[in-house]
Structure formats: structure tokens, C-alpha cells
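Have a look at the model first.

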Amino acid sequence: MNYVYILHSAKLSRFYTGFTADFDTRLDFHLNSEQARKFTYKVDDWIVFLKIECESKSQALAIEKHIKNMKSKIYIENLLRYPEIINKLLEKYKDC
């Protein structure tokens, strides 16, 4: 399965958006890896804000890119607040 995920850090008041085919391993990497990651390494309070299950890798990558291109904290918050936005994204990028 492929996922788009959004992590949130209260300390930074920031979101991190990513894609993975193995969510548990990727989350463990963000939370526990000793490697100096460029962004998620800065703090240790990342929580899963949202996880979107996608039908394909190309769909997940397209949705991740769409969310990142929005460059909006409000848009990300609205994804959780209004699930119909996620449904529209899944439909829009269904045949990628």
C-alpha cells in the first residue's frame, strides 16, 4: 500500500508531508533514527496528523506534490477538518 502522510510538530508549529510504501518503517525513521535528517531531526515531538491511503505510487506522489504546492498550513488543517477534500484529491489523481 502507498501512503501520503503529514506529521505535525507542536514545538516547531510546522507540518511535514511525505510519501511512503511502508508507513510504519518510515514513521519509525522519522521518530527514532540517529541519522541527521534535514527537517524532522530538529525536534522529537512529531505526531501523525493525517495519513491518506492511495491506490498506487503515482497517485500518492501526485497527492503529495499537490499538498506541498499549496504551501498552506490552513489547507493542511482543512484536509483533516473536511474529509471531502481528500476524497476529491483521490478522485482527481486516480489515473496518474
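Is Thr 20 buried or exposed? Thr 20 is buried, with a relative accessible area of 9% (buried means under 20%, exposed over 50% and partly exposed in between, with a 1.4 Å probe and protein chains only). This is a predicted model, where local features need pLDDT of at least 70 and side-chain atom pairs count only at pLDDT 80 or more, while totals for chains, interfaces and linings use all residues. Residues are numbered from 1 along each chain as its sequence is written, and side-chain values use heavy atoms, leaving out hydrogens and water.

Thr 20 sits in strand β2 (residues 14-20), and Lys 73 belongs to helix α3 (residues 73-81); helices (H or I, at least four residues) and strands (E, at least two) are DSSP runs numbered from the N terminus. Here are the two residues together.

| Residue | Relative accessible area | Class |
|---|---|---|
| Thr 20 | 9% | buried |
| Lys 73 | 37% | partly exposed |

Beyond four places in sequence, Thr 20 is in contact (heavy atoms within 4.5 Å) with residues including Met 1, Tyr 5 and Arg 26. Lys 73, counted likewise, touches Ser 13 and Phe 15.

Now to the helix pair. Helix α2 (residues 57-70) packs against helix α4 (residues 83-92) with their axes 9 Å apart. Gln 59, Ile 63 and His 66 of α2 meet Leu 89, Leu 90 and Lys 92 of α4.

Key. Axes fitted to C-alpha atoms, helices over the stretch in contact; angles between N-to-C directions.
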